[in-house]
Amino acid sequence: MASGCWVIVGGAYGDEGKGKIISYIALKKKPSIAVRGGVGPNAGHTVIYRGKTLKLRMLPCAVVNEKTELLLGAGVLVDPDVFFKEVQDTGSRFRTKVDRNCAIIEKRHVEMDREGHLKDVIGTTGTGTGPANADRILRVGKLAKDDERMRDYLGNVSLRINSALDRDEPVIVEGTQGALLSLYHGDYPYVTSKDVSASGICSDVGVGPKRVSEVVVVFKSFITRVGSGPLEGELSREETVKRGWQEFGSVTGRLRRAAPFNFKLARESVTLNSATQIGITKLDALFPESSHMREFDRLPKDARAFVDEIESELSTPVVYIGTGPDAEDIIERKVVSREW
Ligand code: IMP
Ligand code: MG
């Protein structure tokens with residue numbers, strides 16, 4: 001990987017398949033550090049590599065590269081039970097650190113997130129993140145450094161990342177959810193409890209804007225949304241199933257609402273995130289013959305036309321194209337500079 005700081009974020013309502021794109025980049029570019037920003041264990045990132053499926057809610061998806069150090073930025077909320085289980089399941093005890101200032105999700109936060117307004121009106125994931133962030137803002141929340149269980153994992157994440165960048169080592173910064181669920185830039189109140197655009201994710205991990213070299217914004221070939229809030233062009237359940245677009249939430253198990261790719265929303269998201277590159281996942285859901293392909297020129301003509309349309313509509317190169325679930329079911333295209 002060219003050294004520098006790569007930020008990888010979701011472009012829509014989460015579940016774009018960031019896990020797949022991030023894991024591929026982590027294997028290919030060999031970052032010395034991967035750091036996760038974003039909200040907390042409300043996210044579910046699926047990584048499939050060499051027949052093994054991981055569902056990650058706390059650890060960076062770069063866990064698939066055994067040489068990469070795994071960090072959680074100060075803005076991230078930690079649920080110790082979820083965290084320890086993932087550390088154990090992935091055997092990553094000795095390469096994982098959380099920022100001492102991460103805030104802790106307590107049982108009462110989870111209970112509050114599973115009733116009343118948050119459950120009935122917003123349709124949250126019920127993982128305690130909103131109430132834990134509320135406590136943090138009220139400055140009554142507990143931090144990782146105050147939690148005995150986290151003792152062996154504490155670090156200064158911002159310092160570690162910035163020192164690695166000073167040494168010209170590659171770093172990837174992983175976002176959660178998607179820009180359209182941002183507390184500031186999304187359809188309030190149907191949003192998550194933080195800003196999850198690229199700038200927010202950088203703030204979470206303590207990296208300043210001038211240090212970022214690439215911002216990869218990930219979209220899926222169609223749009224999904226779980227929970228409440230507007231979804232332009234929403235399909236009926238029947239139509240969703242007919243098109244083969246039915247998906248279930250990896251944290252909540254809920255059937256995701258679905259709609260066709262939306263160029264207008266995608267353009268807003270590209271602007272909001274200052275995207276320099278785009279990743280598109282699940283091209284095979286729209287064009288089944290593209291399944292598992294690894295060369296752009298072999299894609300069916302209509303699939304290539306769809307990718308070209310995204311590039312020209314968004315004036316940003318589509319560099320990563322997912323053609324199947326495995327981290328390696330991907331087409332990586334050379335970036336050629338051109339006039340849009
Ligand atoms: P919360 O983040 O659990 O408070 O949920 C707020 C809204 O964001 C709800 O509509 C959730 O369904 C949605 N949401 C939160 N995290 C994710 C995610 O990782 N993928 C998709 N939707 C999410
Ligand atoms: Mg997800």
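How many nonpolar, polar and charged residues are in the lining of the second largest pocket? The lining divides into five nonpolar, nine polar and ten charged residues, where Ala, Val, Leu, Ile, Met, Phe, Trp, Tyr, Cys and Pro count as nonpolar, Asp, Glu, Lys and Arg as charged, and the others, Gly among them, as polar.

Before the views, a word on how to read them. This is a predicted model, in which local features need pLDDT of at least 70 and side-chain atom pairs count only at pLDDT 80 or more, while totals for chains, interfaces and linings use all residues. Residues are numbered from 1 along each chain as its sequence is written, chains are lettered from A and ligands numbered from 1 in the order in which they are written, and side-chain values use heavy atoms, with hydrogens and water left out.

**View 1. The second largest pocket holds about 540 Å³ of space.** A pocket here is an open set of points on a 1 Å grid over the protein atoms alone, with protein on both sides within 12 Å along at least five of seven lines; lining residues have an atom within 4 Å of a point. Grid points are joined across faces, edges and corners, and a volume is the space filled by probe spheres set on the points. Of the 24 lining residues, Gly17, Thr46, Glu247, Arg256 and Lys282 lie nearest the centre of this pocket. The elements that give two or more residues to this lining are α1 (18–29), β3 (45–49) and α10 (283–286), and β3 gives the most, with four residues. Helices (H or I, at least four residues) and strands (E, at least two) are DSSP runs, numbered from the N terminus.

**View 2. The largest pocket has a volume of about 720 Å³.** Look for Asn42, Thr124, Val191, Thr192 and Ser193, which lie nearest its centre among 40 lining residues. Two or more residues come from each of α4 (116–122) and α5 (129–137), and α5 provides the largest share, six residues. By class, this lining has 15 nonpolar, 19 polar and six charged residues.

**View 3. Ligand 1 sits in the largest pocket.** To count as sitting there, a molecule must have more than half of its atoms within 2 Å of the pocket's grid points. Around ligand 1 are 17 residues, of which Asp15, Asn42, Thr125, Gln177 and Thr192 come nearest; a residue is near a molecule if one of its heavy atoms lies within 4 Å of it. This shell has six nonpolar, nine polar and two charged residues.

**View 4. Oxygen atoms of ligand 1 meet N or O atoms of the protein.** From an oxygen atom of ligand 1 to an N or O atom in the side chain of asparagine 42 is 2.8 Å, and for the side chain of threonine 192 the distance is 2.7 Å. Valine 226 takes part through its backbone, with an N or O atom 3.0 Å from an oxygen atom of ligand 1. The protein covers 97% of the 470 Å² of accessible area that ligand 1 has on its own, with areas from the Shrake-Rupley method and a 1.4 Å probe.

**View 5. The largest cavity has a volume of about 50 Å³.** In a cavity, a 1.4 Å probe fits but cannot get out. The lining includes Ala12, Tyr13, Gly14 and Phe261. Both β11 (212–220) and β12 (222–225) give two or more residues to it, and the largest share, three residues, comes from β12.

**View 6. A cis peptide bond joins tyrosine 188 and proline 189.** Omega is about 10° at this bond, and proline 189 is in the loop between β10 (170–174) and α7 (198–205). Most peptide bonds are trans.

How values were computed:
Polar contact = N/O pair within 3.5 Å; in protein donor to acceptor, adjacent residues only side chain to side chain.
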